[in-house]
Amino acid sequence: MAIRGREIIIRHLENAIAAERSFEDLLSTFSKTGTQVEVKNMFAQLSQKARSQHERLEERLRELGGTPSTAKSAMAHAFGFAPAVAQLGHEPEEKNAQHVIMTYAAAAGETAMYEALATVAEEAGDVETERLARELQGEEQEDHEMAWAILPDSALDAFRAVTGMG
């Protein structure tokens, strides 16, 4: 692999690590808020998965001679909590459903992020990074589907709780 190609892959890995670290923390926070036990348990499970993902990415980054970027991680954390502003005006009972929506969107974005990493790794001839990116992409697709599957019940439970119809 050419030096320039390796540098580009390292940047992609740094970005992915920052995103997963931020998502791990966000999901951990989600797992402690709201009233829907099943949804909170899903967030706790996904937080642990995000931790595993950034640890595997960090291992690959080190193998390529890089180190995680603290600046990128700090920025990802700052922007990671920005979607919570959209929840203003919602009742506390609606928090879990709103968090599921954010999780669904984030998993879709991370699926795309891993597509980009896999694509550049393939072009650079970095088989190991491409394999890891495809593995993580599959995990994000699972998260995306899990969030989608739980969303209707979460939204309905929230509606019933707020309206007293449950």
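Author: Let's begin with a term. Buried means under 20% relative accessible area, exposed means over 50%, and partly exposed lies in between. Take Glu115: its relative accessibility is 33%, so it counts as partly exposed. One caution: this is a predicted model.

Reader: What does the side chain of Glu115 meet in a salt bridge?

Author: Arg134. The N to O distance in that salt bridge is 2.6 Å. The pair links distant parts of the chain, with Glu115 in helix α4 and Arg134 in helix α5, 19 residues apart.

Reader: And Arg134, is that buried or partly exposed?

Author: Partly exposed, because its relative accessible area is 33%.

Reader: How many salt bridges does the count come to?

Author: The count comes to 12 salt bridges. Some link up: Arg56, Glu128, Arg131, Glu135 and Glu139 form a network of them.

Reader: Which residue forms a salt bridge with Glu7?

Author: Arg4. The closest N and O atoms of Glu7 and Arg4 are 3.1 Å apart. Both residues lie in helix α1, which covers residues 3-30. They are three residues apart, about one turn of the helix.

Reader: Why does that spacing matter for direction?

Author: An α-helix has 3.6 residues a turn, so residues three or four places apart point the same way.

Reader: Got it. Is Glu7 buried or partly exposed?

Author: Partly exposed, because its relative accessibility is 36%.

Reader: New topic. Where is Lys49?

Author: Lys49 sits in helix α2. Its relative accessible area is 17%, so it counts as buried.

Reader: Which residues is Lys49 in contact with, leaving aside neighbours within four places in sequence?

Author: Glu139, Glu142 and Asp143. With Glu142, Lys49 makes a salt bridge at 3.3 Å, N to O. That pair links distant parts of the chain: Glu142 is in helix α5, Lys49 is in helix α2 (residues 37-63), and they are 93 residues apart.

Reader: So Lys49 is buried. What about Glu142, buried or partly exposed?

Author: Glu142 has 44% relative accessibility, so it counts as partly exposed.

Reader: Now rings. How many aromatic pairs are there?

Author: The count comes to two aromatic pairs. One of them is Tyr104 with Trp148, a tilted pair. Their centres are 5.1 Å apart, with 40 degrees between the planes. This pair also links distant parts of the chain: Tyr104 is in helix α4 and Trp148 in helix α5, 44 residues apart.

Reader: Why give both a distance and an angle?

Author: A pair of aromatic rings is described by the distance of the centres and the angle of the planes.

Reader: Is Trp148 buried or exposed?

Author: Exposed, because its relative accessibility is 52%. Tyr104 is at 27%, so it counts as partly exposed.

Reader: Back to helix α4. How many residues has it?

Author: Helix α4 has 30 residues, 95-124. From first C-alpha to last it reaches 43 Å, close to the 44 Å expected.

Reader: What follows α4?

Author: Gly125. Its phi is positive, near 80 degrees.

Reader: Last one. Which residues form a nonpolar patch on the surface?

Author: Leu156, Phe159 and Met165. Together they have about 320 Å² of accessible area. Phe159 is in helix α5, residues 127-163. At 47% relative accessibility, Phe159 counts as partly exposed.

Technical notes. Residues are numbered from 1 along each chain as its sequence is written. This is a predicted model: local features need pLDDT of at least 70, side-chain atom pairs count only at pLDDT 80 or more; totals for chains, interfaces and linings use all residues. Side-chain values use heavy atoms; hydrogens and water are left out. Patches are made of residues with over 30% relative accessible area and no salt bridge: like charges are joined within 9 Å, nonpolar side chains (Val, Leu, Ile, Met, Phe, Trp, Tyr) within 5 Å. Accessible areas come from the Shrake-Rupley method with a 1.4 Å probe; for residues, only the protein chains shown count as cover. A salt bridge is a side-chain nitrogen of Lys or Arg within 4 Å of a carboxyl oxygen of Asp or Glu. Helices (H or I, at least four residues) and strands (E, at least two) are DSSP runs, numbered from the N terminus. Buried means under 20% relative accessible area, exposed over 50%, partly exposed in between (1.4 Å probe, protein chains only). The expected span of a helix is 1.5 Å times one less than its number of residues. Contact means heavy atoms within 4.5 Å. Rings of Phe, Tyr and Trp (its six-membered ring) pair if their centres lie within 6.5 Å; planes under 30 degrees apart count as stacked, over 60 as edge-to-face and the rest as tilted.
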